[in-house]
Amino acid sequence: MSVNEEKIACPKCSWEPDGHAYWTCSCGISWNTFETYGKCPGCGKIWRDTQCPECAKWSPHVDWYVDLPAIELEKVEKATIAQT
Ligand SMILES: [Zn+2]
Ligand SMILES: [Zn+2]
């Protein structure tokens, strides 16, 4: 299992990520975006919107975290940026 114990689901169709690397960055890297809170491990680009592999619709990354208040993710994002 990944480090994320939070409930994560597509806001549009309720599809739940299963840990596979469905997302591809413009730099060519494929990864599981929910392990990095939307940040590409290759080039460091932060994807604020996340596309659902199931319904192909885009939603803000924060909207995928069902139980997590948006303000919490803002803190995580800032911490992620500070590390680079
Ligand atoms: Zn969906
Ligand atoms: Zn990238």
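**A zinc site and its chain**

Colleague: Is Cys 52 buried or exposed?

Modeller: Cys 52 counts as buried, because its relative accessibility is 2% and the cut-off for buried is under 20%. Please note that this is a predicted model.

Colleague: And what about Cys 55, buried or partly exposed?

Modeller: Cys 55 counts as partly exposed, since its relative accessibility is 24%.

Colleague: Which residues are the protein donors of the zinc ion (ligand 1)?

Modeller: Cys 52 and Cys 55 are among them, together with Cys 10 and Cys 13. Each of these cysteines donates through its SG atom, and the donors lie 2.3 Å from the zinc ion (ligand 1).

Colleague: How are those donor residues spaced in sequence?

Modeller: The spacing reads C-x2-C-x38-C-x2-C.

Colleague: What is the geometry of the site?

Modeller: The site of the zinc ion (ligand 1) is tetrahedral, with angles of 104 to 114° among its 4 donor atoms.

Colleague: Turning to the fold, how many helices and strands does the protein chain have?

Modeller: The protein chain has 4 strands and 1 helix. Read from the N terminus, the order is β-β-β-β-α.

Colleague: What share of the residues is buried?

Modeller: In the protein chain, 31% of the 84 residues count as buried.

Colleague: Lastly, what share of the contacts between residues at least 6 apart in sequence joins residues at least 24 apart?

Modeller: For the protein chain that share is 42%.

Terms used:
Residues are numbered from 1 along each chain as its sequence is written. Chains are lettered from A and ligands numbered from 1 in the order in which they are written. This is a predicted model: local features need pLDDT of at least 70, side-chain atom pairs count only at pLDDT 80 or more; totals for chains, interfaces and linings use all residues. Side-chain values use heavy atoms; hydrogens and water are left out. Helices (H or I, at least four residues) and strands (E, at least two) are DSSP runs, numbered from the N terminus. Buried means under 20% relative accessible area, exposed over 50%, partly exposed in between (1.4 Å probe, protein chains only). Contact means heavy atoms within 4.5 Å. Donors are N, O and S atoms within 2.8 Å of the metal (3.2 Å for Na, K and Ca); water is not among the atoms, so sites may look incomplete. Four donors count as tetrahedral if all angles lie between 85 and 135 degrees; four count as square planar and six as octahedral if opposite donors are over 155 degrees apart and all others between 65 and 115; anything else is irregular.
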